[in-house]
Each structure stands twice: as structure tokens, then as C-alpha cells.
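Please look through the structure shown below before reading on. The paragraphs that follow take it part by part.

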Amino acid sequence: MQVTMNVNGNEVTGEIEARLLLVHYLRDHLGLTGTHWGCDTSNCGTCVVWMDGEPVKSCTVLAAMAGGRKIRTVEGLEQNGQLDPVQQGFTECHGLQCGFCTPGMMMTARALLDRKPNPSEHEIREAISGQICRCTGYATIVRSIQWAAAHEAASAAEAAVADASVTVDSVGVGGPS
Amino acid sequence: MQVPAPFEYERATSVDHAIGLLGRLGSSARLVAGGHSLLPMMKLRLVNLEYLIDINDLHDELGYVLVESSQVRIGSMARHRELLESDALAEVFPIFRDAEQVIADPVVRNRGTIGGSICQADPSEDLSAVCTTLGASCVIRGSSGERVVTMEDFYRGPYETAVGDGEMLVEVRIPIRANGSSAYEKVERRAGDWAVVSAGAAVWMDGATISDARVGLAAVGPNTAGIPAISEALRGQVPSEELYAQAGVIAAQSCVPVTDMRGSVEYKRHLAAELTKRTLRRSVARISRSRRTAPDRTEGS
């Protein structure tokens, strides 16, 4: 059968078997090997990608079921050559050791921060509770996500200050003085 | 590498379309919603089928949670996350939020549906125990129309339901009764696992006495049956620790767990008793709290 979906902003069409899993379509057909294939039983979470904006375990979604939907993989985190703050956080805080769980962890973390920009440690641990780090590096993973949240909050505050000063300037220019 | 046996994929665009496809393809076809129960079984070749009908496009039609004055109606495509996040549902049946917090994990909850969960009819499945506890009924639609069955009639045994060939579950209905509340507790080995044992309780009060109560257990028998003997023992009684303990003893005696990697029969009976006590206690406490915080409503009703 033929399937068409949007992957990281690009429309892709492929000829597939109905039984092909999304994780294998991404890795073997599209060469997007950033998404890892782990337990195959929806327990470990390394295969997490977004489908229509929500994290899903791609070992338990058929490629056919993703037809017509928007998929975002770990390769789609980087925008215009800029690493996503979550990726920067994992770099800064040693969020990975062997790196096998990392793509799923980062996709779940990105979704969490989009919904809740300032999560508590408990909320972060709850969000990644469907994912397994066999290096047991959870403390640094949590710290990496906290780094991303803090970094994004700081960037937003800076942007707000910059906007405000522009407004003040323009008022000053147009004012009676 | 786990791969399902070959099959043909169809995608339904409406409930009528899905039922039409089921009617045409017969027993060789199965519906798939979230897929987190069915696909693993297909990978293990425990389920083999010729046609798989994807009903995820029916979420717009069947993804609702409607809290009405006398009942709650939940469309079969409502996803776990939607049930977890519904404040209106948590208000009338806090048992749903209790249970949804411990069903699978957040990523799986993005996909799994109430319809898929209860049609899987796994004796360890938590939403089945919730629906049993609340005395829910299931609306099953086929080409000749709809029929409504109670949870007791819905479950025919492990992995067997009243949904026949050419039919689909479209809605779960739960009656709302005044002065009631509910709670759910689960013991699991790790986050996201199936229950070692789970218990749900729902209690309704008339003044200082219990007018009705129901308890449903998961993972301790061939299905998530309610325990009528507990309801009989609690009706007309004033809530007390002794009464909860008595209900716990009945729960432990009534269930039929088996020893497996999750625990021994003795341990599971102990959990059935303990979780029954805790959920009854919490249900009653919630009724008291809602009376204190919303006096107008309880006095007026």
C-alpha cells in the first residue's frame, strides 16, 4: 500500500506493507536513524516521536496509521542550525551516557515544556516515566530538562525586555520632547 | 524483531463506515484504536487477522466526555489523557483521575482509548475495574442499531466481550447518583506496569448511613467483576473502620487470584483487602469534603 505523511515538515510518500511499524519506516525507509528502536513492546520509550503534536511510541504505531499525519522526530528538534534548548540542556548537564534512550527522552521533554514551560521535578519525572534509561542516568536527564526550562524562561524574559525597550524608545521618539 | 503477520489495512472515516466495513469483512476483521493492546498481541501472533480497520479518524465523532445531569457519556474513542485531564469528569467521578494517573505511562495515555481498553477485556485492566465499580453500561452499535448492555453482561471472560462480529462499542454510560463519591488504588511493581492488584470503590450516602456501595477489583480473577456481597454488607450501615475491614475480608474471600511473577495468592488477597478498605475510606472522606465545600448543592439536592 502507499502511505503519505509529513515528516519534520517534508511530505514523504512510500510503498509499504500494512504491517510495517512507524519506527521501521522512519529508520529503514527514510534513513532517520535518530529515532531508536528498543524494546519493541512500548515499554522503553526510546522510539518516541510526535504524531500530530503528541508524543507516541513509534514501535506501537503502524506506518499506515501515520498516513496523512504530521510526524516530528529527533532530527526535527534542531531549527535553522540551532539546537533546541532541550538538546543544549542534555549537552550542558550530561543528560546522556550511552545515548540510547536520548531521542525519546528529548522528544518527551520538548512536548512537556511546550505544555508546561516551568515544570516541577515531579512533573518532569512523571513525564518521562514511560521511558527507561538503562545507564540509570535519570538525575542528569531531569537536570537537563530543568536547564532547558530555565534557559527558555531567561530567553523569553530577555526578549520581553528588548520588546519593552523598543516600545519606550519609539514612544520617546514620537513624544513631545 | 516482532512483526505482525500480513494483513490488509483499511481506514474508517465514520462510525457507519466502520460498521459497514465490519459487516462486509466479517470475523476476519478487527478494529484498531490506540493499538497499544492489539498491536503487541499481533506482534506476538496471539491475534491474527486479515483486515485491520483503523478508527482513529473517528475521534472527532466518538472522543467526547459529556457530563449530563443524570449520567456521564464517554465516547469510545476518548483517550486516556483526555479522561485524566477532564475536570468535569473528576468532579463527579474522582475514581477516573485516580485510575488514569496509574494507567500505563503518559506517552501511552496519549494513544490508548476507553473503548480499546474495555474491549480488550484484560482481567488486569484498570478502566474495566472503574466501569464495573461505577455500574457502567456499554452502548454497542451494529448495522441493525444500538443495544445497551451492563458491564456484567459485557464481559464474557478474559479477552471476550459481548461485542459481536459487525459491531463496535461506541459509548460508555455511567449513571450519576446524588451524595456519592469514588476512589481507585493500584499496587504495581513499577510505573506503567499492569496491576498486582487494583481496587475501585464507589459509595453513596443517605444522611449518616451508606445507601449503596460498590467495589470492583482488577487482576484477581477472570474478569473485573464487582462484589455484590460487599454492597449488601455496607448498605444501611454507618461508615467506620470496622465496616471497611469487614468489606476487605469479603473482598479477599471473594476474589480468585493466581500466583505469578507479580505476587503470591496470599499477597494478592492481602492487597484486595487493604485496597478495598483504602478506597472505601477515601470515597467516604470525599463525600464529607464535598458536603463541607458545597453546602448549597448537597442541601438542595
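Which residue stands opposite Met51(A) in β4(A)? The residue in that position is Glu54(A). The coordinates come from a predicted model, and every value below is computed from it.

Strand β3(A), residues 48–51, pairs with β4(A) through four bridges, in the antiparallel sense. Strands of a sheet pair through backbone hydrogen bonds, and the pairing may be parallel or antiparallel. Both senses matter here, as the sheet that holds these two strands has mixed pairing.

That sheet is open and has five strands, in the order β2-β1-β5-β3-β4 (chain A). Its edges are formed by β2 (10–15) and β4 (54–57) of chain A. Each of these edge strands has a single partner strand, so one side of each has no neighbour in the sheet. Between neighbouring strands of the sheet the turn is 40 degrees on average, with direction ignored. A helix also packs on the sheet: α3 of chain A, residues 102–115, touches β3 and β4 of chain A. The direction of this helix makes about 40 degrees with that of β3(A).

The next part is the contact between the chains. Here 22 residues of chain A are in contact with 23 residues of chain B. On the chain A side, β4 and α4 (121–127) each supply at least two residues. The largest share comes from β4(A), with four residues.

Chain B is divided into three parts: domain 1 (8–57), domain 2 (58–175) and domain 3 (180–300). The centres of domain 2 and domain 3 of chain B, taken over C-alpha atoms, are separated by 20 Å. Between these two domains, 23 residues of domain 2 are in contact with 27 residues of domain 3.

Which elements of domain 2 of chain B each supply at least two residues of the side that touches domain 3? They are α6 (94–100), α9 (126–133) and β8 (155–157) of chain B. Helix α9(B) gives the largest share, six residues. The residues of this side of domain 2 divide into 13 nonpolar, six polar and four charged.

Notes. Residues are numbered from 1 along each chain as its sequence is written. Chains are lettered from A and ligands numbered from 1 in the order in which they are written. This is a predicted model: local features need pLDDT of at least 70, side-chain atom pairs count only at pLDDT 80 or more; totals for chains, interfaces and linings use all residues. Two strands pair if DSSP finds at least two bridges between them. Axes are lines fitted to C-alpha atoms, for helices over the stretch in contact, and angles run from 0 to 180 degrees between N-to-C directions. Two residues are in contact if their C-beta atoms, placed from the backbone, lie within 7 Å. Domain bounds come from an automatic or database domain assignment. Ala, Val, Leu, Ile, Met, Phe, Trp, Tyr, Cys and Pro count as nonpolar, Asp, Glu, Lys and Arg as charged, and the others, Gly among them, as polar.
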